[in-house]
Amino acid sequence: MAILEVKDLEVFYGVIQAIKGISFEVNQGEIIALIGANGAGKTTTLQTITGLIPSKAGHIIYDGKDITRLPGHKLVSMGMAHVPEGRRVFAQLTVLQNLKLGAYTRKDKNEIEDTLKVIYKRFPRLEERKNQMAGTLSGGEQQMLAMGRALMSHPKLIVMDEPSMGLSPIYVNEIFDIIQKINGDGTTVLLVEQNAKKALAIANRAYVLETGKIVLNGDAKELMNDDSVKKAYLSE
């Protein structure tokens, strides 16, 4: 069953069309990868889905409801969380304060504390550094914090934009392991990622974006062996 359906989506920046009528779906429990070159429209697609950019045409259906015109903050309480490109942690707040901001739509303090324990179990480094200013963390730790903060809202669907960007190879492997574990715990994942090889290795299915259009889609493992995908995105 589809938790997210994107239908004929069109997005413009002024007179320039960034997204040209794309359609795709994300089924409950899947990891879906959106891959493509810089400027293909991947981030724009995510920001439109999560209510940060308005669409010109098309529909976004989430959990059976049309959310095309809903602002981003309404979507959090509906169970959608966004881990933005560049992490965007609150540098002048502590790790713990950042995490608690992720739970701002939740009211039950006991449930929030329970979720915090789960996050600390998933990201032990965040517990070690809970009183440290977020801006003093390494890039990999900030990425973990951004993911932990999103998970504090207890999402059904988590949307991640370039989680491995700018990280050392060790952190890249760790982040992808964590994404798989988050999915294993029952959260559906929509992943935009420059590292196509890593993304396809953990995804169930994938869509390839080129200049605002979906040009290929299918089983992620099959796409890994597709000659055109190999040539464009998987060459060392």
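Select Tyr171, Val172, Ile175, Phe176, Ile178, Ile179, Ile182 and Asn183: these are the buried residues of helix H7, where buried means under 20% relative accessible area, exposed over 50% and partly exposed in between, with a 1.4 Å probe and protein chains only. Looking down the axis of H7, the buried residues fall within an arc of 155°, so they line one face of the helix; the arc is that of the directions from the helix axis to the C-beta atoms.

This is a predicted model, in which local features need pLDDT of at least 70 and side-chain atom pairs count only at pLDDT 80 or more, while totals for chains, interfaces and linings use all residues. Residues are numbered from 1 along each chain as its sequence is written, and side-chain values use heavy atoms, with hydrogens and water left out.

Now show the whole of H7, residues 169–184. Helices (H or I, at least four residues) and strands (E, at least two) are DSSP runs, numbered from the N terminus. At 1.5 Å a residue, the 16 residues of H7 should span 22 Å, and the end C-alpha atoms are 23 Å apart, which agrees; the expected span is 1.5 Å times one less than the number of residues. On the face turned away from the buried side, pick the exposed residues Pro169, Ile170 and Gly184. Just after H7, Gly186 has a positive phi of about 110°.

Next, select Phe24 and Tyr207. They form an aromatic pair that is tilted, 5.3 Å centre to centre with 50° between the planes. Rings of Phe, Tyr and Trp (its six-membered ring) pair if their centres lie within 6.5 Å; planes under 30 degrees apart count as stacked, over 60 as edge-to-face and the rest as tilted. The pair links strand E2 (residues 16–27), which holds Phe24, to strand E9 (residues 205–210), which holds Tyr207, 183 residues apart. Phe24 is buried at 5% relative accessible area, and Tyr207 is buried at 6%.

Move to Lys56, which lies over the face of Phe12, 5.5 Å from the ring centre. The criterion is NZ of Lys or CZ of Arg within 6 Å of the ring centre and within 35 degrees of the ring normal.

Finish at Gly140 in helix H6. Gly140 is buried, with a relative accessible area of 2%.
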